[in-house]
Amino acid sequence: MLVWLSLAVLITELLTVVALFKPSEVSLTRDVPSFKLVNVVPHDIDHIVLVSKSRTKFHILIHQDSDRNLSLTVTPSCNSVINWDLKFIPLTRINQPVIILSNNNTSNDIGRLLIEYTGVSMSVTYEHGRANRGLYVISAQMATGDDSKVMFHVGLKQKSQKKQFGFRPNGIKIKKGGQKIHLRWNLSHIDYHLMNYSLVISSSKIYSTICEAENRLEEKLKTNLTYYEDDLPDDRLEIHHLDHNTSYTMTDLIYDETYYFTVFVFHERHIATHHANATYKFQKSKPIGLKDARPRMINLRAQNGKASFRYKVGNNRQLEKYAPSNTLYWYVMPCDGVVYVEIRCRKTLLVSKRVFGYEKFIINNTKSGERYVLKVESVSVDETQRIRSIEVMATVRPTMIPMPDMPSDLRVQQYTGPDDCKSVKIGWLSANSLTDLKYCVYVQDNSNSLNSVDFSVKPDQCKVRYGKSRRSDISNNYRTKARCYIGEKGIVLVEKILKLKPSTTYIIQVTVTKPRGRTLSYDFLKLDTNSCGLN
């Protein structure tokens with residue numbers, strides 16, 4: 001509403017007053033032809049007009065001297081050649097009226113020429129500087145072809161809204177996610193709810209106009225028809241019309257290839273301006289450096305299910321009293337997923353194993369200065385979506401590992417009685433330790449659980465790593481009992497569970513906690529009771 005009101009005021013001023021110029025200039029009071037409605041270009045609005053082969057004039061009226069900067073951006077349609085110039089007619093006296101004649105040829109020489117330009121499909125911005133009181137006249141005509149639409153943008157700002165040729169460097173935010181990258185850019189500052197966006201992806205250059213990219217793509221398609229597949233040019237060029245979307249995810253990237261991204265904003269079907277651009281070189285991710293006995297956790301899902309870690313054996317080892325020399329210890333803990341683990345030294349494969357929950361690896365005969373690389377990768381696309389994060393640590397000091405030293409067999413055994421329906425004995429191997437360890441036995445009534453069909457023996461160690469069970473399927477409907485005690489070392493530990501109910505399903509979990517350390521869990525044990533005893 002304010003824009004139309006301002007436009008109406010401008011037109012009223014131009015139509016109701018008569019201009020008187022100095023005697024040295026062309027007299028506009030003699031042989032005055034008939035008047036017509038003038039073409040007024042409003043400020044700070046994308047104004048689209050139709051320009052023909054005959055010269056057409058458009059007017060910018062500045063009421064009074066201003067400390068703001070005046071800029072004019074002219075954007076032609078694709079594949080159109082436009083000649084245009086900008087002149088300035090000063091108003092020297094207060095309330096000096098202006099005549100605008102219908103015969104354009106009569107006033108061609110009036111005013112001071114500021115810029116004259118001929119362009120093909122290129123958006124050009126003229127920075128005038130401080131806006132003076134007077135009339136600015138744009139004369140435009142199509143050099144070739146039929147009538148075509150042209151967009152004018154007149155800016156009156158402390159700093160021009162659009163930089164020279166409309167470029168905004170670093171306007172695209174790029175986020176890497178494994179073998180793909182995510183592009184995002186800001187909305188257009190003008191009529192953002194109406195604008196459509198197009199993204200040009202190239203491996204050769206940043207395109208200044210969408211027309212240039214479309215013409216080049218058309219040439220490539222024609223060239224591809226005349227070449228055999230092995231002789232095709234390797235220049236990659238894609239144009240994606242994204243409507244109102246301001247983001248895009250790119251896949252199928254090639255390592256060590258440089259990509260050029262250009263975003264264009266469409267004001268109408270055939271008029272587009274440069275919005276943002278960026279350059280990105282896709283390289284392999286470098287392994288994450290590990291310090292001795294410093295755990296490192298990363299978001300593996302954000303890395304598209306792949307990551308690598310490196311560790312260098314120090315020259316000055318702080319060997320422990322009971323620690324074997326020349327031994328390196330790793331542990332890997334993926335959360336909510338299964339991963340493949342590989343450990344290499346000088347490209348020699350030392351370990352290759354599938355890991356779920358938690359795994360510790362021991363590498364013997366290491367040497368000072370050697371570099372080891374541990375690579376992890378999710379086993380499938382589905383696992384990549386499930387897995388949350390992964391924790392990795394390397395050290396030459398085994399006592400610095402915060403996890404208890406679990407036995408190779410993590411099963412919890414069930415000892416059944418012949419006619420006992422209310423109790424059961426279970427047993428498990430104790431963890432290896434020189435200090436006392438805390439064991440906890442959890443008994444969960446799982447009869448009403450909806451997840452009983454999806455029961456998995458292997459626990460997610462990330463959910464019990466801080467000394468207590470945090471199983472996500474525990475709710476108020478399930479009653480959980482727990483008993484914790486300090487277990488003996490080097491024996492099979494036995495626990496008797498009492499007060500069981502017949503015809504009930506139980507999940508039994510045994511955890512072990514290292515003093516001033518972390519907690520790990522043994523495998524789950526599922527119990528089903530009925531009126532005849534335990535199965």
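These legends describe close-up views of a predicted model.

**View 1. A four-stranded open sheet.** The strands run in the order β17-β24-β19-β22, and their pairing is antiparallel. Strands β17 (296–298) and β22 (359–364) stand at the edges. Each has a single partner strand, so one side of each is left without a neighbour in the sheet. From one strand to the next, the twist averages 15°.

**View 2. The pairing of β19 with β24.** Strand β19 covers residues 327–334, and strand β24 covers residues 390–395. Six bridges join them in the antiparallel sense. Look for Met-333: its bridge partner in β24 is Glu-391.

**View 3. The disulfide of Cys-78 and Cys-211.** A disulfide is a covalent bond between the sulfur atoms of two cysteines. The whole structure has three disulfides. In this one, the S to S distance is 1.9 Å. The torsion about the S-S bond is -95°, and the link is left-handed. Cys-78 lies in the loop between β3 and β4, while Cys-211 lies in helix α2, 133 residues apart. Cys-78 is partly exposed at 22% relative accessible area, whereas Cys-211 is buried at 5%.

**View 4. The disulfide of Cys-335 and Cys-462.** The sulfurs lie 1.8 Å apart. The torsion is about -80°, so this disulfide is left-handed. It links two loops, one between β19 and β20, the other between β27 and β28. Cys-335 is buried at 0%, and Cys-462 is buried at 1%.

**View 5. The disulfide of Cys-440 and Cys-484.** Here the sulfur atoms are 2.0 Å apart. The torsion is about 115°, so the disulfide is right-handed. Cys-440 sits in strand β27 and Cys-484 in strand β28. Cys-440 is buried at 3%, but Cys-484 is partly exposed at 40%.

Notes: Residues numbered from 1 in each chain as written. Predicted model: local features only at pLDDT ≥ 70, side-chain atom pairs only at ≥ 80, totals over all residues. Heavy atoms only, no water. Pairing = 2+ DSSP bridges. Axes fitted to C-alpha atoms, helices over the stretch in contact; angles between N-to-C directions. Disulfide = S-S within 2.5 Å. Buried < 20%, exposed > 50% of the residue type's maximum accessible area, 1.4 Å probe, protein only.
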